[in-house]
Amino acid sequence: AQKRRDIVLGLMVQHGKITQTEADEAKRIQVADKVLPEEERKTNNGMKYPAFVKLVLDELREKGDFDLLSEGIKIYTTLDPKAQATVENVMNNAANFPNESIQSGVAVVDTKTGAIRAIGGGRNYGTDLLFNRAIDIEGRSPGSTAKPLVAYGPAIENLKWSTGHTTVDEKMTYPNTNQVISNWDGKYNGTMTIREALYTSRNVPAVKTLLEVGLDKPKQFLNNLGIAINAIYPSTTLGPNLHISPVQMASAYAAFGNNGVFNEGHAITKIVYRDGVTEKKYTPEPKVAMSDYTAYMVTDILRDTVS
């Protein structure tokens, strides 16, 4: 910064804006002496929607356009301010959480387009734009929300199962191990349809379903939904080794509600360059991720989860 300042001062002398004496006097000031100590700096709390801003900046960086920020581009985003304000109010209300240590990440994605309307980066997310729980993968398991993506969706897609296909919820171990697969309530409920198995979130039927469909086809099913995974194991349907962000999860689930068509979650629709005319589109192309009947049946089962 000091070198740049001295160059400017030299140019000001050259062009007759100041005298050499004035320039020499200004150059004697050390820039470092004028920098406030960190503890005295005021934090800028004026930024609106910091979690969404972080998302936009990350998307610019991913597309290779981050450096264009200094050139006066206009960025058009998918933000719904009312939805974003609602998310932030929920996230910042301590009454919504059992204690201070509980954290959360939220993603609100348009089912038809993949447009990210709002995100919650964490409780009382600040303007430092650091770890954003809605988009940064933390290595946490998505738990049973993986079941439609890893087991039931691929089974309906590849084995043509109906929602009335039966399975047995019974005591069993993972293949070639002594590790017993348990359910959340410690019970086994016997013969049931996959509809009931999914809406009551039984673990054993989910693992059985994955084993029947095989470990390769679910990998392709996930890839079609924008989720890359190196390997699938019998336990993957319960969440382990499937590390995805809330935005990725919401975007994948949106395909179920969009007749099987997947749209990658995105926060930017386009950028317009400094000339005000030239623009670059950011909206991704929709892709068919699964058959419409798979999307319909999984969605229909998930309605029962809610009711």
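Here is a short chat about a pocket, a helix and a loop residue in this predicted model.

Visitor: What volume does the largest pocket have?
Guide: In this predicted model, the largest pocket comes out at about 480 Å³.

Visitor: And which residues lie nearest its centre?
Guide: Those are Glu59, Glu62, Val247, Glu264 and Gly265, out of 23 residues that line the largest pocket. Elements giving two or more residues to that lining are α3 (50-62), α9 (246-256) and β8 (279-281).

Visitor: Which element gives the most to the lining?
Guide: That's α3, with 4 residues.

Visitor: How many of the lining residues are charged?
Guide: 7 are charged, alongside 7 polar and 9 nonpolar ones.

Visitor: Switching to helix α7, how many of its residues are buried?
Guide: α7 runs over residues 203-213 and is mostly covered, with 9 of its 11 residues buried. Among them are Asn203, Pro205, Lys208 and Val213.

Visitor: What do the buried residues of α7 pack against?
Guide: Their partners are α5 (147-159), β4 (166-169), β5 (190-193), α6 (194-199) and α8 (217-224). Just past the end of α7, Gly214 has a positive phi of about 95 degrees.

Visitor: Okay, Asn189 next. Where does Asn189 lie?
Guide: You'll find Asn189 in the loop between β4 and β5.

Visitor: Why is Asn189 called partly exposed?
Guide: Because its relative accessible area is 43%, and partly exposed covers what falls between under 20% (buried) and over 50% (exposed).

Visitor: Which residues is Asn189 in contact with, leaving aside neighbours within four places in sequence?
Guide: Asn189 touches Asp169 and Arg202. As for Tyr233, 44 residues apart from Asn189 along the chain, the two C-alpha atoms are separated by 24 Å.

Key:
Residues numbered from 1 in each chain as written. Predicted model: local features only at pLDDT ≥ 70, side-chain atom pairs only at ≥ 80, totals over all residues. Heavy atoms only, no water. 1 Å grid on protein atoms, 1.4 Å probe; cavity = no way out; pocket = protein on both sides within 12 Å on 5 of 7 lines; lining within 4 Å. Points joined across faces, edges and corners; volume = space filled by probe spheres on them. Nonpolar A, V, L, I, M, F, W, Y, C, P; charged D, E, K, R; others polar. Buried < 20%, exposed > 50% of the residue type's maximum accessible area, 1.4 Å probe, protein only. Contact = heavy atoms within 4.5 Å.
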